[in-house]
Amino acid sequence: MLAEATDVSTYVDRSCSGLRERLRDATSAAHRELDAQLSAFDLTVFSGYRRFLQASAGALLPLEAALVEAGVARMFPDWPERARGAAIAADLERLGRDAHATVSVLPMTRSGVLGTMYVLEGSRLGAKFLLKTVADSADPRIGEATAYLRHGTGQRLWQSFLSKLASNHSCDEDEAIEAARSAFAAFEQAADRV
Ligand code: HEM
């Protein structure tokens, strides 16, 4: 392991298979904290659900903008199917609010794009669980504003993202991990700000 890590040529050229596990380990504490922070929003009541969407949009919009700026569509030709900015904006509009960025995001490298995409695509897994809570709401307005949480259902976007991650060559793992941590931090900050 140590030999592998210190061999610079192997490090730069090898495929990023195994990066997912490293990303998961490096961000699991941040995921737990964010999960706890988001559980403070009661998704079954109008105001709680709307604040949850505002918090999510606050981070999602600048992260997606930075991804676009960094050329995400060249790395992920199906980017238009992955982007959720329009979906969350439509949900918020239904609930009478504008969607806007509340945190700043630094420009990303190519490896940074992968790390950020890991966090955004992974958040779909959480969304599946959150939808179950939302389904318990007695308020019909909430169920009508779930384009963000439902986005990509049935399209296996997480699985295809993982395949892409595993087949990606010449990426800098430290940069990818750093970007994933920053993406989680952006969501935490945005949740603090609503
Ligand atoms: C309260 C909200 C959330 C809950 C309950 C939750 C729950 C979960 C669960 C159960 C999984 C594993 C699913 C599976 O393996 O099939 C998961 C994975 C993941 N979630 Fe969340 N999540 C939440 C919010 C978020 C958010 C907001 C983000 C990112 C901004 C996020 C990022 C991720 C990532 C990256 C993974 C993949 C981990 C891996 O590599 O296996 N989650 N989440």
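**The ligand site**

Three helices, α3, α8 (110-135) and α12 (173-192), each supply at least two residues of the shell around the ligand. Helices here are DSSP runs of H or I with at least four residues, numbered from the N terminus. The largest share of that shell comes from α8, with eight residues.

This is a predicted model, in which local features need pLDDT of at least 70, side-chain atom pairs count only at pLDDT 80 or more, and totals for chains, interfaces and linings use all residues. Residues are numbered from 1 along each chain as its sequence is written, and side-chain values use heavy atoms, with hydrogens and water left out.

There are 17 residues around the ligand (a heavy atom within 4 Å). Arg20, His31, Asp35, Tyr118 and Gly126 come nearest. By class, the shell holds 10 nonpolar, four polar and three charged residues. Nonpolar means Ala, Val, Leu, Ile, Met, Phe, Trp, Tyr, Cys and Pro; charged means Asp, Glu, Lys and Arg; the others, Gly among them, are polar.

Now the polar contacts (pairs of N or O atoms within 3.5 Å). A polar side-chain atom of Arg20 lies 2.8 Å from a ligand oxygen. For Tyr118, a polar side-chain atom lies 2.7 Å from an oxygen atom of the ligand. Gly122 uses its backbone: a polar atom there is 3.3 Å from a ligand nitrogen.

Which protein residue is the donor of the iron atom? His31 is the only one, through NE2 at 2.1 Å. Donors are N, O and S atoms within 2.8 Å of the metal (3.2 Å for Na, K and Ca); water is not among the atoms, so sites may look incomplete. His31 lies in α3 (residues 19-38).

Note on methods. A polar contact is a pair of N or O atoms within 3.5 Å; within protein, one must be able to donate a hydrogen and the other to accept it, and residues adjacent in sequence count only if both atoms are side-chain atoms.
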